[in-house]
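Please read each point with the sequence and coordinates at hand.

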Amino acid sequence: MTTVLTAYIDEQNCIGCGKCIRVCPTDAIVGARHLLHTVIPQYCTSCENCINACPTNCIILQTPSIAMSKYAENQLKMKKQIRLTAKPLLEVKPATTSAVTGDIRKQQVADAIARAKARRNQAQ
Ligand code: SF4
Ligand code: SF4
């Protein structure tokens with residue numbers, strides 16, 4: 001087994017810009033926008049892409065880890081490509097602004113109010 005250095009993020013200086021995540025070929029970095037990011041050492045291949053992309057220079061190679069097999073590395077790279085090219089599970093359709101649809105909506109609301117009034121009047 002080979003021991004390699006892996007990326008380490010100095011969380012004090014991470015501004016959560018996400019640039020490191022975008023360039024990591026194996027999805028070894030986790031974090032959310034505007035929040036600090038961290039590295040999963042087992043997934044890091046020491047490629048240094050993140051180090052070059054980080055605007056605050058808060059990533060260094062230091063944490064020793066066990067090198068993963070070429071097969072495992074390729075699997076991670078493939079998974080990332082699949083994630084990047086996958087269609088979203090939910091297609092969000094843009095809100096329609098057509099006048100016709102707006103009129104139908106208004107009519108549906110008016111009908112619903114009329115039905116509620118009729119029920120109220122029947123109950124009295
Ligand atoms: S060194 Fe490469 S593999 Fe490791 S976290 Fe940075 S971009 Fe990802
Ligand atoms: S590129 Fe640097 S500052 Fe930006 S999220 Fe990654 S570690 Fe943090």
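The numbered points below take up the domains, the ligand surroundings, the cysteines and a set of individual residues.

1. Basis of the note. This is a predicted model, in which local features need pLDDT of at least 70 and side-chain atom pairs count only at pLDDT 80 or more, while totals for chains, interfaces and linings use all residues. Residues are numbered from 1 along each chain as its sequence is written, chains are lettered from A and ligands numbered from 1 in the order in which they are written, and side-chain values use heavy atoms, with hydrogens and water left out.

2. Domains. The domain assignment gives domain 1 (3–85) and domain 2 (95–124); such bounds come from an automatic or database domain assignment. The C-alpha centres of domain 1 and domain 2 are 54 Å apart.

3. Ligand 2. Around ligand 2 there are 13 residues, and the closest are Cys-14, Cys-17, Gly-18, Cys-20 and Cys-54. The shell of ligand 2 divides into 9 nonpolar and 4 polar residues, with no charged ones.

4. Cysteines. How many disulfides are there? The count is 0, a disulfide being a pair of cysteine sulfur atoms within 2.5 Å. Cys-47 is partly exposed because its relative accessible area is 35%, whereas Cys-54 is buried at 11%. Here buried means under 20% relative accessible area, exposed over 50%, and partly exposed in between, with a 1.4 Å probe and protein chains only.

5. Cys-44. This residue lies in the loop between strand E3 (37–39) and H2; helices (H or I, at least four residues) and strands (E, at least two) are DSSP runs numbered from the N terminus. Cys-44 counts as buried because its relative accessibility is 13%. Beyond its neighbours within four places in sequence, Cys-44 is in contact (heavy atoms within 4.5 Å) with Thr-6, Ala-7, Ala-28, Val-39 and Met-68. Cys-44 and Leu-5 are 39 residues apart along the chain, with their C-alpha atoms separated by 8.7 Å.

6. Thr-6 and Ile-60. Thr-6 belongs to strand E1 (residues 3–9) and is buried, at a relative accessible area of 1%. Leaving aside neighbours within four places in sequence, its contacts include Pro-41, Cys-44, Ile-60 and Leu-61. Ile-60, in strand E4, is partly exposed at 41% relative accessibility. With the same exclusion of neighbours within four places, Ile-60 touches Thr-6, Ala-7, Tyr-8 and Ile-51. Between Ile-60 and Ile-9 there are 6.6 Å from C-alpha to C-alpha, although the two are 51 residues apart in sequence.

7. Is Thr-26 buried or exposed? Thr-26 is buried, because its relative accessible area is 1%. It is placed in the loop between helix H1 (19–23) and strand E2 (29–31). Its side chain reaches the backbone oxygen of Tyr-43 at 2.8 Å; a polar contact is a pair of N or O atoms within 3.5 Å, where within protein one must be able to donate a hydrogen and the other to accept it, and residues adjacent in sequence count only if both atoms are side-chain atoms. Leu-76 is part of helix H3 (residues 70–85) and is buried at 10% relative accessibility. Apart from neighbours within four places in sequence, Leu-76 is in contact with Pro-25, Thr-26, Tyr-43 and Met-68.

8. Backbone angles to check. Most residues other than glycine have a negative phi. Asp-27, not a glycine, has a positive phi of about 55 degrees; it is found in the loop between H1 and E2 and is partly exposed at 22%. Asn-57, also not a glycine, has a positive phi of about 50 degrees. Asn-57 sits in the loop between helix H2 (49–53) and strand E4 (59–66) and is exposed, with a relative accessible area of 65%.

Key:
Near = heavy atom within 4 Å. Nonpolar A, V, L, I, M, F, W, Y, C, P; charged D, E, K, R; others polar.
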